[in-house]
Each structure stands twice: as structure tokens, then as C-alpha cells.
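Take a look at the chain below. We will go through it step by step.

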Amino acid sequence: MREEYAAVGREVTGRGMNANEKKVFYRELLTLAFPLALQNLLNALVGASDALMLGRLT
């Protein structure tokens, strides 16, 4: 796991990342981004259904 985080440090210092380090970085990025995107989608769907239910109330 240390090599994976070292890749991020190398990017910040400007030395760049090799192909394997990029692969690891993007995999970790997607493992964080996917649940966040799913949560955002579900939140939007709940908000839309709430608006529909309130619209029928009046």
C-alpha cells in the first residue's frame, strides 16, 4: 500500500508516474468515486420522488 501512496507523492513533486502507478491510482480513484456517484444519484431520485408525492398532495 505504501507504493500506491508514494505514486501520489511523486505526482505532486513533478517526477511523474509510470503506467503501473497510474493504474493503481485510477483504480483507487474509481473505488472512491463510484460510491459517491451512486449516493448522489440515489439522493436525486429520492428528492424527485418526494417532489412528485408533494405535487399530488395539493
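How many aromatic pairs does a search of the whole structure find? It finds 1 in this predicted model. The partners are F25 and Y26, with ring centres 5.4 Å apart and planes at 65°. An angle over 60 degrees counts as edge-to-face, so that is the label for F25 and Y26.

Are the two residues buried, exposed or in between? F25 is partly exposed, at a relative accessible area of 30%. Y26 is partly exposed as well, at 47%.

Now step back to the fold. The chain has 2 helices and 0 strands. Helix α2 covers residues 19-57. It counts 39 residues and spans 56 Å from first C-alpha to last. That is close to the 57 Å expected at 1.5 Å a residue. At the start of α2, a side-chain oxygen of N18 comes to within 3.1 Å of the backbone nitrogen of N20.

Next, the surface. Which residues make a nonpolar patch? They are F34, L38, L41, L42 and L45, and the patch has an area of about 510 Å². F34 sits in α2. Its relative accessibility is 60%. Exposed means over 50%, so F34 counts as exposed.

Finally, the whole chain. Of its 58 residues, 7% are buried. The accessible surface comes to about 5300 Å². Carbon and sulfur atoms account for 65% of that surface.

Conventions. Residues are numbered from 1 along each chain as its sequence is written. This is a predicted model: local features need pLDDT of at least 70, side-chain atom pairs count only at pLDDT 80 or more; totals for chains, interfaces and linings use all residues. Side-chain values use heavy atoms; hydrogens and water are left out. Rings of Phe, Tyr and Trp (its six-membered ring) pair if their centres lie within 6.5 Å; planes under 30 degrees apart count as stacked, over 60 as edge-to-face and the rest as tilted. Buried means under 20% relative accessible area, exposed over 50%, partly exposed in between (1.4 Å probe, protein chains only). Patches are made of residues with over 30% relative accessible area and no salt bridge: like charges are joined within 9 Å, nonpolar side chains (Val, Leu, Ile, Met, Phe, Trp, Tyr) within 5 Å. Accessible areas come from the Shrake-Rupley method with a 1.4 Å probe; for residues, only the protein chains shown count as cover. A salt bridge is a side-chain nitrogen of Lys or Arg within 4 Å of a carboxyl oxygen of Asp or Glu. Helices (H or I, at least four residues) and strands (E, at least two) are DSSP runs, numbered from the N terminus. The expected span of a helix is 1.5 Å times one less than its number of residues. A polar contact is a pair of N or O atoms within 3.5 Å; within protein, one must be able to donate a hydrogen and the other to accept it, and residues adjacent in sequence count only if both atoms are side-chain atoms.
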